[in-house]
Amino acid sequence: MLNVCIFANSHVNMLKLAADKAPPDGWRPTFIGAPAAGLRGLRAKGNGQKIVPRGQRLREWFEKTSGGLTEVNLDRFDAIVVYGLGLRSHDALTILAEFQPMDLRFCAGSRLISEPAFGALIDAINDQRAAAHVLNLIKGCGKLIILAPAPLPNENLLLRADYQWIKSKKGQAAARWATGLCRDKWRERASAAGATLLLQPEDTITDGCLTLGEYAVGATRLSGRDYNADPTHLNATFGKRVLDDVGGIVLGQKKSTSSSFGPLHRLLRRSVGNPAC
Amino acid sequence: MKSPYQSLPPERFWKTGVSEQHPFSIIDLYKRKFRILPTDKIATAGSCFAQHIGGHLRAAGYNVIDAEPAPNGITDAAARKFGWRTYSARYGNIYYAQQLLQLVEEAYGLFTPSEPVWEKQGRYYDAFRPSVEPCGLSSPAEVKAHREEHLAAVREVVETANIFVFTFGLTEGWIHRESGTCYPTAPGTITGTYDPKVYEFKNYRTSEIRASFEKFRSLVLERNVTAKFIVTVSPVALIATASESHVLSATTYSKSVLRAVAGELAEDYADIDYFPSYELIATPFSKGFFYSSNLRTVEDQGVRSVMRVFFSQHPAIKKKPSKEKVLSKDDIVCEEAMLETFSA
């Protein structure tokens, strides 16, 4: 039986519920979770193989989600998963509502942004996320590391007045492009940390930028409270899909996942890449 | 027998005004000509050194205009890499007065620049602010679209600023031979290609710089009667000269010319004040103490000393300065520094 440590934020609940319902075959997960950016409070101890929480609140979350652990000894695990922890395409969509590349402009009143600047923005945001912090703590641990970004926002996002633009043809093209750019950035980040990138299964995605609404039904987050029209969190059915993919990689049945990009994104990517940059 | 020097205050004498003073505590070096009100909107522009001023003013609670704000969530370092949070709009460094005038003229349709787009390895750059998009843009049309948006922001700055702080940096520049269009960098430095038939070196003279700034002032006042101006001279030496002189002589010439123009402007116009950042850093008074080992870059404590003198006359609005990080010397974006790569 392989042991896998999963660091996650509020998405940890859907993973935990899925694991409780159907324990993974051949491997056992240990969850370490805290809401939002809480895991930025983790610290390495000793020779770096032990991860400990700093601060009372994080300590409580740490123990609660892990089943009583007060520290993680990385030596005891065969693989480490970094799930969500702020790596999410939602930020890119938020930026896109105000700043748009010229070729993808869907709103005349928006401000222009170049594709390199947009990419730098995503990098800068990701740098501040808990995922970057945890990757930094574990990157030299010598274990298999899996980086799994947060799921794409679900279709409930379209219920919000400030995201109606995604419904338009141009808006959707822009959202697909931004999502593809985020994937590129996650791939670069995974590569830099020596991690395997685990992307969301393609068949759970609609319009190239959103998670199918069916996975939002009964969505759950770390506080345990469900609320209507949550555009961020997903249910245990989706959690099982994630665990299946993690198991596939950990057990060597699956190398890694990749995701296709829409033709528009590929076209745009070709126009970038000044070697001087 | 009376002497006109007899009743002068201590700061008018070198011994009491300079020799017996310390750069960290000098008093009466600067006396403001007008107040900056807490409600005043301040615009900043100029050469690299000017980047410090906006950051310190903002940290002190002054209302510094940001007509092209960066997207939320971006760090300062990432923002500055793309020209955000550097000046009141994303115009990059404006090293000399002709550049400043040209920008405002262009913003109001009074001037159409030549060769506005420069190309490098299939990417396209705004020739007047190549550093704000360090990777360039995908087409000349995209450069044009971005520039139009930028010029709208420049108009906003011109029409809303109550105080315009400008730091004169250089006298040397590069212009388009036929039209006189001026550029912040020599073609071929960051981008573009140097063709001596198209571009030429220009070392602006005192009268030209003064005329450019006076015209700039008039254009601003025509659109914004409330505007006042604070001019400074950058103490940062030329990193290279395209003149026939040694770079030390070229620097001395440039800074002397700029200091003379700034002084004349302040003497002749009630709405122009001169702030002596140059004196504090670059004269024998500070014995080179504020320069890095390259005798060019101003150390952070030099900038702090300059701002201390500024705030002695324009007190910080916030009692406790904001925790917002002010720029350090390593944060400064300076295209001119690229010239060093051409050094043997």
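Author: Two strands are said to pair if DSSP finds at least two bridges between them, and the strands themselves are DSSP runs of E with at least two residues, just as helices are runs of H or I with at least four, both numbered from the N terminus. This is a predicted model, in which local features need pLDDT of at least 70 and side-chain atom pairs count only at pLDDT 80 or more, while totals for chains, interfaces and linings use all residues. Residues are numbered from 1 along each chain as its sequence is written, chains are lettered from A and ligands numbered from 1 in the order in which they are written, and side-chain values use heavy atoms, with hydrogens and water left out.

With that in place, chain A has an open sheet of 3 strands in the order 3-4-5, paired antiparallel. Its edge strands, each pairing on one side only, are strand 3 (42–45) and strand 5 (72–73) of chain A. Strand 4 (residues 50–53) of chain A is joined to strand 5 of chain A by 2 bridges and runs antiparallel to it, and in this pairing A:Ile51 stands opposite A:Val72.

Strand 1 (residues 41–46) of chain B pairs with strand 5 of chain B in the parallel sense over 5 bridges, with B:Phe164 as the bridge partner of B:Ala43. Strand 5 of chain B also runs parallel to strand 9 (residues 228–233) of chain B, to which 6 bridges join it; here B:Phe168 has B:Val233 as its bridge partner. Of the 6 residues in strand 5 of chain B, 6 are buried, where buried means under 20% relative accessible area, exposed over 50% and partly exposed in between (1.4 Å probe, protein chains only). In a regular strand the side chains alternate between the two faces of the sheet. Accordingly, B:Ile163, B:Val165 and B:Thr167 point one way from strand 5 of chain B, B:Phe164, B:Phe166 and B:Phe168 point the other way, and all are buried.

Counting a contact as heavy atoms within 4.5 Å, residues 24 or more positions apart account for 72% of the contacts in chain B that have a separation of 6 or more. The C-alpha atoms of chain B fill a box of roughly 70 × 45 × 40 Å along the principal axes.

Most residues other than glycine have a negative phi, and most peptide bonds are trans. A:Leu85, although not a glycine, has a positive phi of about 50°; A:Leu85 is found in the loop between strand 6 (79–83) and helix 3 (90–98) of chain A and counts as buried because its relative accessibility is 0%. B:Gln121 likewise has a positive phi of about 50° without being a glycine, in the loop between strand 3 (117–120) and strand 4 (123–126) of chain B. A:Val250, in helix 7 (residues 236–250) of chain A, is buried with a relative accessible area of 13%, and, leaving aside residues up to four places away in sequence, A:Val250 touches A:Leu2, A:Val4, A:Ala79, A:Leu144 and A:Ile146.
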